[in-house]
Amino acid sequence: MEWLILWLLVAIGIGLLLLSFRFLPKREVWLSFLLNAYAASFFGAVVAGAGLLEYPVRFFAAYTANSVIFEYLLYPVVSVYVYATSRRSRGLVLVAQCAGYAAALTGLEVIFERYTDLIKYHRWTWAYSFVTMFFLTLAVRLLTKRLIGETKK
């Protein structure tokens with residue numbers, strides 16, 4: 001069942017990535033996507049490498065302890081949608097939007113942790129996931145907006 005879920009998540013991630021090109025310029029999609037993938041892979045390597053959580057069923061298990069699907073596809077795609085839906089947001093509205101996305105991702109993670117072998121917490125909790133994803137999402141969104149603004153000048 002886990003492999004079916006992984007392949008379904010791959011299809012959803014690719015579909016959402018391709019869809020994002022219909023309403024955002026390519027450079028904005030790629031900048032947001034790649035910034036998030038880079039940051040998420042760093043934090044994912046630290047967290048999984050320290051044994052705080054584990055991904056028992058994952059792609060490329062012989063090569064990495066990370067969740068390749070989450071860190072290199074799904075979370076970066078979410079980052080693109082955060083950028084797309086918050087391009088004109090500022091202040092508390094932006095913070096609330098990033099918190100909403102982080103909460104949705106955390107909720108899905110908790111469901112996967114409880115009912116599948118896709119993720120297992122050891123010395124990790126949903127609260128750590130929420131805080132980490134919230135700050136990373138906000139940071140990538142702010143950096144993307146800043147870099148896009150500088151390239152348009």
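1. Rings of Phe, Tyr and Trp (its six-membered ring) are taken as a pair if their centres lie within 6.5 Å. In this predicted model, such ring pairs join Trp 3, Trp 7 and Phe 59 into a cluster. The structure holds 10 aromatic pairs.

2. Are Phe 130 and Phe 134 buried or partly exposed? Phe 130 has 25% relative accessibility and so counts as partly exposed. Phe 134, at 12% relative accessibility, counts as buried. The cut-off for buried is under 20%.

3. The largest pocket has a volume of about 550 Å³. Two or more lining residues come from each of α1 (2-20), α3 and α4 (91-115). The largest share, 7 residues, is supplied by α3.

4. The lining of the largest pocket counts 26 residues, and Leu 9, Phe 70, Leu 74, Leu 105 and Phe 112 lie nearest the centre of the pocket. By type, the lining residues are 22 nonpolar, 2 polar and 2 charged.

5. Ser 79 is in helix α3 (residues 68-85). With a relative accessible area of 5%, Ser 79 is buried. Apart from neighbours within four places in sequence, Ser 79 contacts Ser 32, Asn 36 and Val 140.

Definitions and conventions:
Residues are numbered from 1 along each chain as its sequence is written. This is a predicted model: local features need pLDDT of at least 70, side-chain atom pairs count only at pLDDT 80 or more; totals for chains, interfaces and linings use all residues. Side-chain values use heavy atoms; hydrogens and water are left out. Helices (H or I, at least four residues) and strands (E, at least two) are DSSP runs, numbered from the N terminus. Buried means under 20% relative accessible area, exposed over 50%, partly exposed in between (1.4 Å probe, protein chains only). Contact means heavy atoms within 4.5 Å. Rings of Phe, Tyr and Trp (its six-membered ring) pair if their centres lie within 6.5 Å; planes under 30 degrees apart count as stacked, over 60 as edge-to-face and the rest as tilted. On a 1 Å grid over the protein atoms alone, a cavity is a set of points where a 1.4 Å probe fits but cannot get out, and a pocket is an open set with protein on both sides within 12 Å along at least five of seven lines; lining residues have an atom within 4 Å of a point. Grid points are joined across faces, edges and corners, and a volume is the space filled by probe spheres set on the points. Ala, Val, Leu, Ile, Met, Phe, Trp, Tyr, Cys and Pro count as nonpolar, Asp, Glu, Lys and Arg as charged, and the others, Gly among them, as polar.
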